[in-house]
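Biologist: I have a model open and would like to learn how to read it. Could you take me through its features one at a time?

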Amino acid sequence: MSDEAYIGRALALAERGRGLVSPNPIVGAAVVSASGALAGEGWHEGPGTAHAEVVALREAGEAARGSTLYTSLEPCVHTGRTPPCVEAILAAGVARVVSAMRDPNPIVDGRGFAELERNGVEVRHGVLADEAARQNEAFVKHVRTGLPFVTWKMAASLDGKVAARDGSSRWITGESARADVHRLRAWSDAIVVGAGTALIDDPSLTVREPGYRGRPPLRVLVDGRGRVPATGDLFDDVAPTLVATTDLAPPERRDEWEDSGAEVVVLAAEGDRVPIGELVSLLGKRDLQGVLLEGGPTLAFAAIEEGVVDKVVLYFAPKLIGGVDAPTVLGGRGFAPISSAARLRVRSFDPIGEDLKVEADVHRDR
Ligand SMILES: NC(=O)c1ccc[n+]([C@@H]2O[C@H](COP(=O)([O-])OP(=O)(O)OC[C@H]3O[C@@H](n4cnc5c(N)ncnc54)[C@H](OP(=O)(O)O)[C@@H]3O)[C@@H](O)[C@H]2O)c1
């Protein structure tokens with residue numbers, strides 16, 4: 001098999017750790033012995049557990065001597081919660097290391113490769129580098145900028161409505177699309193929702209995915225004026241909740257939120273709104289790398305306008321709702337003239353159950 005094929009295998013192995021490893025990256029590794037046999041495989045299962053390379057080398061045992069080690073990310077050189085991988089690779093007698101990408105973490109950033117080469121190990125990197133960077137997009141963005149990677153998700157009818165004119169929105173899409181949303185939640189560190197959605201839908205924003213082993217993502221309610229009482233499902237004890245508000249919220253409401261066990265963060269109001277850019281920075285400072293913005297349309301427009309959204313995931317159901325009073329995917333005042341519209345680059349569009357899923361990156365050059 002080619003280097004590309006084994007790196008493909010390492011990338012697939014890495015996926016097994018998705019939703020479990022934050023703030024670490026997901027990583028996969030494979031050891032191919034000197035005789036060309038697949039001798040060991042591994043993936044990282046979360047902070048404090050062995051790195052993928054070490055797991056794969058352990059499985060390979062003596063077959064690691066003279067082998068090629070394939071990794072989806074540069075092996076580390078630093079002692080964190082576990083010893084450096086480069087040491088384990090050298091001790092195992094690996095002859096060649098092939099990696100998909102350099103680790104952008106400033107404490108690694110090429111040092112792993114340099115150390116291997118200094119010790120006589122042949123190194124090749126950059127194999128399927130784009131796929132690898134995309135696989136760890138939240139980790140990569142956070143390490144480079146300190147900001148989380150924000151995915152905005154919404155479910156709509158084919159005419160772009162996210163609820164009927166009476167506010168009802170359950171359910172627009174079918175079971176498969178809804179299960180996919182739970183996967184998106186499982187892969188996130190925080191899930192953000194606006195006051196309007198909290199009042200109308202009373203969402204619980206929990207991960208309801210069979211077999212989910214990760215910790216529950218932080219639920220973030222954006223409610224600048226304190227309109228949402230602490231009686232809804234967002235304030236149950238199934239997952240932690242943070243309320244981002246301003247000093248326009250009555251003190252009694254803030255007390256009520258805190259009494260329910262939620263953390264309350266008061267930010268300086270922008271107009272009468274929570275400053276969304278500041279909120280996103282605050283989440284980044286807390287090492288929350290992947291943020292899922294679940295709307296609604298008013299908050300989503302503010303986030304797009306502020307330039308904090310990296311990726312859009314839209315599910316379109318084969319339904320027509322219509323009605324000028326029914327909310328559409330994006331609210332707010334909208335962009336005008338047309339030349340100032342937010343531009344996206346479509347990543348993929350796939351049928352999902354009876355619905356359609358569109359994933360797109362937000363252009364950064366707005
Ligand atoms: N189909 C879907 O995927 C989906 C997903 C989510 C929601 N929805 C639907 O969307 C509807 C609710 O949407 P919505 O637009 O009314 O509410 P929203 O976007 O959930 O919340 C907007 C509210 O958040 C508060 N807010 C605080 N800071 C803000 C900021 N910087 N920018 C914008 N808002 C800020 C404001 O409350 P104040 O006015 O008090 O300041 C604002 O009115 C419901 O019908 C719901 O069913 C559908």
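Modeller: Gladly! Let us begin with the ligand. A residue is near a molecule or strand if its C-beta atom, placed from the backbone, lies within 6 Å of it. In this structure 32 residues surround the ligand, the closest being Gly194, Gly196, Gly295, Gly296 and Ala302.

Biologist: What should I keep in mind about numbering and confidence?

Modeller: Residues are numbered from 1 along each chain as its sequence is written. This is a predicted model, where local features need pLDDT of at least 70 and side-chain atom pairs count only at pLDDT 80 or more, while totals for chains, interfaces and linings use all residues.

Biologist: Which elements give two or more residues to the shell around the ligand?

Modeller: First, the naming: helices (H or I, at least four residues) and strands (E, at least two) are DSSP runs, numbered from the N terminus. The protein has 11 helices and 14 strands. Those giving two or more residues to the ligand shell are β6 (149-157), β7 (190-194), α8 (195-201) and α11 (297-306). The most comes from α8, with five residues.

Biologist: How do the residues of that shell divide by class?

Modeller: For classes, Ala, Val, Leu, Ile, Met, Phe, Trp, Tyr, Cys and Pro count as nonpolar, Asp, Glu, Lys and Arg as charged, and the others, Gly among them, as polar. The ligand shell has 15 nonpolar, 10 polar and seven charged residues.

Biologist: Now the whole chain. How do I read the radius of gyration?

Modeller: It is taken over C-alpha atoms, and the globule rule is 2.2 Å times the number of residues to the power 0.38. For 366 residues that rule puts a compact globule near 21 Å, so the 23 Å of the protein agrees. The C-alpha trace spans about 70 × 45 × 40 Å along its principal axes.

Biologist: Where are the domains?

Modeller: Domain bounds come from an automatic or database domain assignment. Here the assignment gives domain 1 (3-137) and domain 2 (146-362). Their C-alpha centres lie 35 Å apart. For the contact between them, two residues are in contact if their C-beta atoms, placed from the backbone, lie within 7 Å. Six residues from domain 1 and nine residues from domain 2 take part. On the domain 1 side there are two nonpolar, two polar and two charged residues.

Biologist: What does Val220 touch, not counting residues up to four places away in sequence?

Modeller: Val220 touches Ala190, Ile191, Val192, Leu242 and Ala244.

Biologist: What backbone geometry deserves a look?

Modeller: Most residues other than glycine have a negative phi, and most peptide bonds are trans. In this model the bond from Ser22 to Pro23 is cis, with omega near 10 degrees, and Pro23 sits in the loop between α1 (3-15) and β1 (28-32). Another cis bond joins Ala336 and Pro337, with omega about 0 degrees. Leu128 has a positive phi of about 55 degrees, and Leu205 has a positive phi near 55 degrees. Leu205 counts as buried because it has 26 C-beta neighbours inside 10 Å.

Notes: Buried ≥ 20, exposed ≤ 12 C-beta atoms within 10 Å, placed from the backbone.
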